[in-house]
Amino acid sequence: MARAAAPVVPALAAAVLLTAGCWRLGDGTASEALVTWVAYPETVEVGAPFSFEFGGPVSEDACGRLDTATLAVTDSSIELAARRTTFRAVCAPNHVSYYEARPITLETPGRYRIRTATEIDLGTLVATDSGGFSGIRTWGEGTIREAAGCWLFGPGWIGGQRVFALDGLSPELREVGTDRILHVRGRLRAFSDCGNWGSRPRIRVDTAWATDKRVGDLYP
């Protein structure tokens with residue numbers, strides 16, 4: 001004799017979904033993902049490959065994902081863009097960010113403005129016929145958190161992707177930076193040991209300021 005299936009207890013089902021971290025419903029909604037941070041040599045040599053890094057936030061919880069991230073070179077600019085998908089769901093409250101590193105080569109000397117769909121100033125890269133490469137410069141917006149004596153910085157949010165240690169952040173910005181979005185400009189300098197976060201690439205801060213955006217304002 002076939003045995004009837006036991007009824008699913010709603011509370012238990014909800015607990016299982018929450019433990020899994022994310023219950024995605026439907027096909028999701030695609031939209032533009034923000035590019036808020038970049039790292040690149042300010043001066044490069046024409047014809048020689050180098051790494052261009054960029055990143056940003058995806059969603060406030062675990063039910064957002066990055067679909068694509070693109071880099072395109074024009075005669076006078078480097079164009080950055082990304083797309084994301086978000087779901088109406090019950091999700092773990094984990095910030096999701098992304099980080100991309102792309103090898104590129106510039107074939108024409110000149111000044112290349114870094115451009116995105118946002119109005120964030122991300123600097124200008126210079127390509128020359130000779131002279132080699134400068135150090136890696138970092139530009140852009142993100143959030144901070146203190147951990148094991150380090151001030152950690154993440155493009156957009158401190159999420160599951162690239163997280164940096166800041167060296168030289170002022171006490172005033174430490175006070176406001178856990179609630180406000182900071183714009184940080186600096187240079188990559190070796191690594192710092194940040195306890196449970198492990199060894200983190202270190203940004204030596206040249207200048208930084210608090211923007212008028214709050215941590216929850218990255219997406220309307």
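## Basis

Residues are numbered from 1 along each chain as its sequence is written, and side-chain values use heavy atoms, with hydrogens and water left out. In this predicted model, local features need pLDDT of at least 70, side-chain atom pairs count only at pLDDT 80 or more, and totals for chains, interfaces and linings use all residues.

## Strands around S7

Strands here are DSSP runs (E, at least two residues), numbered from the N terminus. Two strands pair if DSSP finds at least two bridges between them.

Strand S7 spans residues 77-86 and runs antiparallel to S2, residues 29-33, with five bridges joining them. In this pairing, Ser 31 stands opposite Arg 84. S7 also runs antiparallel to S6, residues 64-73, through nine bridges. Here Gly 64 faces Thr 86. Three residues separate S6 and S7, and the two strands form a hairpin.

S10, residues 110-115, pairs with S7 in the parallel sense over three bridges. Ser 77 stands opposite Arg 113 of S10.

## Ser 192

Ser 192 sits in strand S15, residues 180-193. Is this serine buried or exposed? Ser 192 is buried, at 16% relative accessible area. Buried means under 20%, exposed over 50%, and partly exposed in between (1.4 Å probe, protein chains only).

Beyond neighbours within four places in sequence, Ser 192 is in contact (heavy atoms within 4.5 Å) with residues including Cys 150, Ala 165 and Gly 198.

## Salt bridges

The structure holds 13 salt bridges. Each is a side-chain nitrogen of Lys or Arg within 4 Å of a carboxyl oxygen of Asp or Glu.

Asp 121 meets Arg 113 at 3.1 Å, N to O. Asp 121 is partly exposed at 29%, and Arg 113 is partly exposed at 38%. Asp 121 also forms a salt bridge with Arg 185, again with N and O 3.1 Å apart. Arg 185 lies in S15 and Asp 121 in the loop between S10 and S11 (124-128), so the pair ties together parts 64 residues apart in sequence. Arg 185 is buried, at 15%.

Asp 167 and Arg 202 meet at 2.9 Å, N to O. This pair links S14 (residues 164-167) to S16 (residues 199-214), 35 residues apart. Shared partners join Glu 42, Arg 137, Arg 187 and Asp 206 into one salt-bridge network.

How values were computed
Helices (H or I, at least four residues) and strands (E, at least two) are DSSP runs, numbered from the N terminus.
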